[in-house]
Amino acid sequence: MMPTGWCPGKRGIDEMVKLYQDTTAVRVFFGVGDGLPASAWTDTTRTGRQRLSALPVGCHLIVSFKDQNVDRLAFVQAWQQHRPDVTVDLITHHEPEQQEGGDPTPEQYRASWTRTREQLAGHPARAEGRLRLATCWTLQWIRRGGDWRVWWPDHEADAVDLLLFDWYPFMAGEPNPWKPRVYEDPASALKTPIDIARQLGRDWGIAEVDHPRILRANGFTVDLDPDGTLAAAWYRATHAAARDAGCRVWVHFHADAGAAVGDLTKRPAEQQVFRELIAEEAAMTWRKGQPWRTVRSLDRLNEQIRAAAPRAVPPATPATSWGSIADSAHSSTSDHYPHFYSALGATAVVCARDFPHAPSLGLDAHKIAEQLRASRDPRIGYIISNGRITGPNYGWKWSTYSGSDPHDTHIHVSTVHTAVADSGADWQIGDEDMPLSDADVERVATAAASKVHGQKIGKSSVTIGTALERAYSYQPKIDALTAAVAALGGIVARESASPEEVKALLDRLPKPGQVDERAIIAGVLAGLPPERIAAAIPPQIARDVADELSRRLTS
């Protein structure tokens, strides 16, 4: 699902809800002097675009602000108290590159992002994916040569979850690049945000989109589209291209500017397509009574834990403590709630499961949580256990969890929302199948790096493939390569691959319990991050071979 909706411009949220009853996304804006008032969630006397109490139920809200010293935490706390059904993308400074009245200097922008990080980076709603911290730039500014890096908070990069862009017409090479004579090919229009997102390793979305009809009355050089038919087709094609390319949200800007210009309420052809797009996305929202399933990786984890602790299986423990699908205590945005993800098929999926902590019955769930953390399994989104949270967004270190439920009587495991979540491979849990510890990983990888001409293993120097080829040459047996992949995988876990690459290569990897030398080497040389490969190798042999490999590499 790609939430699709509107930015009301000067119109009221109440009015827009009536026009688009199935809306799944809304963009609101607090300008210079507006602050970021927590009261916006409750004040029903507010009118216009900032009356948040009027938001559609369960919508995805993108909210941006201009003022520097606003209280982000108070705003978020009011949201959780009064509208927990809504998910929030919070933009620190709306389009700072515009440098209009009230916009910050780069130094002020960086300081403001530090405040965002201090107040919200560790918030439990962020860990749960219900709160995302975002940047927002205008694409036409970047495409005419603006340097987005000036407005990238690299010093607080770990606090940035999402890159949002405002899209308006611009086509380099045209006599007037702001008024091109054609509707741009969707792939060309979206290339810039896709490229930046890949470079920074972040999700992306379109926070505003608007393309007026190409008419001389609108400042274009031709009357290309008098009835809006071509513009309507462009909206549909670009929306589809964005969804296929991984866009996380799509919002159309409504400006009360009259027929044919920016206000879809006065552009029947375009509005009809927009209504259809909103309805299509809304239809992808799971509703009670519809089919659903749990991702296969969590089904397998459930099987392993029950097999390892048979005395803890219900009725010895409550069936609800092994829960997957959400109960009334969970928001519709929770991973416990079924969602549609294109990478996981046509049936809605639950990407979370709980497991009880019952040590007297042989089930130490907190120990399992630690084993999962140490495994750095690429299927993991995040883990909550005993007042702590961890996962790839936390560098696989435990951080304090401040949610209302400390998860001391059970643990929570969420998966990613990509195809890898349906892998049924064994999880690295249990006393006999413990993965390499962080110390083992550091020891072996350091030795390997030293052996390979003393160069650091990473994207900027020796390639992973080269390093493993050389490590393999010191002991031309499959067990040495297995250990090298498993050990180095922990160090280079930050290396990334596109979902398409991962899926294609996972299909070629050996099944659990098997080792296929050719498949492993092919995967490494094709660029698949080693931790993906290590997950396919029997873990029980890793530590023994790691000791031998470390000795050989340092001898």
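Where is Pro 315 found? Here are some notes on that and on a few other places worth a look.

1. Pro 315 is found in the loop between helix 9 (296–308) and strand 10 (348–350). Helices here are DSSP runs of H or I with at least four residues, strands are runs of E with at least two, and both are numbered from the N terminus. A cis peptide bond joins Pro 314 and Pro 315, with omega at about 15°. Most peptide bonds are trans, and most residues other than glycine have a negative phi.

2. Before going on, a word on what you are viewing. This is a predicted model, in which local features need pLDDT of at least 70 and side-chain atom pairs count only at pLDDT 80 or more, while totals for chains, interfaces and linings use all residues. Residues are numbered from 1 along each chain as its sequence is written, and side-chain values use heavy atoms, with hydrogens and water left out.

3. For the overall picture, the chain has 17 helices and 15 strands. Of its 555 residues, 54% count as buried (under 20% relative accessible area; exposed is over 50% and partly exposed lies in between, with a 1.4 Å probe and protein chains only). The accessible surface of the chain is about 23,500 Å², and 50% of that belongs to carbon and sulfur atoms; the areas come from the Shrake-Rupley method with a 1.4 Å probe. Among contacts with a separation of 6 or more, 72% are between residues 24 or more positions apart; contact means heavy atoms within 4.5 Å.

4. The loop of point 1 also holds Ser 324, between helix 9 and strand 10. Ser 324 is buried, with a relative accessible area of 10%. Leaving aside neighbours within four places in sequence, the contacts of Ser 324 are Trp 292, Thr 294, His 336, Val 350, Ala 352 and Arg 353.

5. His 93, in the loop between strand 4 (87–92) and helix 3 (106–120), has a positive phi of about 75° although it is not a glycine. His 93 counts as buried, at 1% relative accessibility. Arg 376, in the loop between helix 10 (365–375) and strand 12 (380–385), is not a glycine either and has a positive phi of about 50°.

6. Residues of helix 7 including Tyr 235, Arg 236 and His 239 meet residues of helix 8, among them Val 273, Glu 276 and Leu 277.

7. Trp 79 lies in helix 2 (residues 72–82) and counts as buried, at 1% relative accessibility. Trp 79 and Ser 39 are 40 residues apart in sequence and 9.5 Å apart in space, C-alpha to C-alpha. Leaving aside neighbours within four places in sequence, Trp 79 is in contact with residues including Trp 41, Val 86, Ala 125 and Leu 131.

8. Lastly, Val 150 is found in the loop between helix 5 (139–143) and strand 6 (162–167). Val 150 counts as partly exposed, at 40% relative accessibility.
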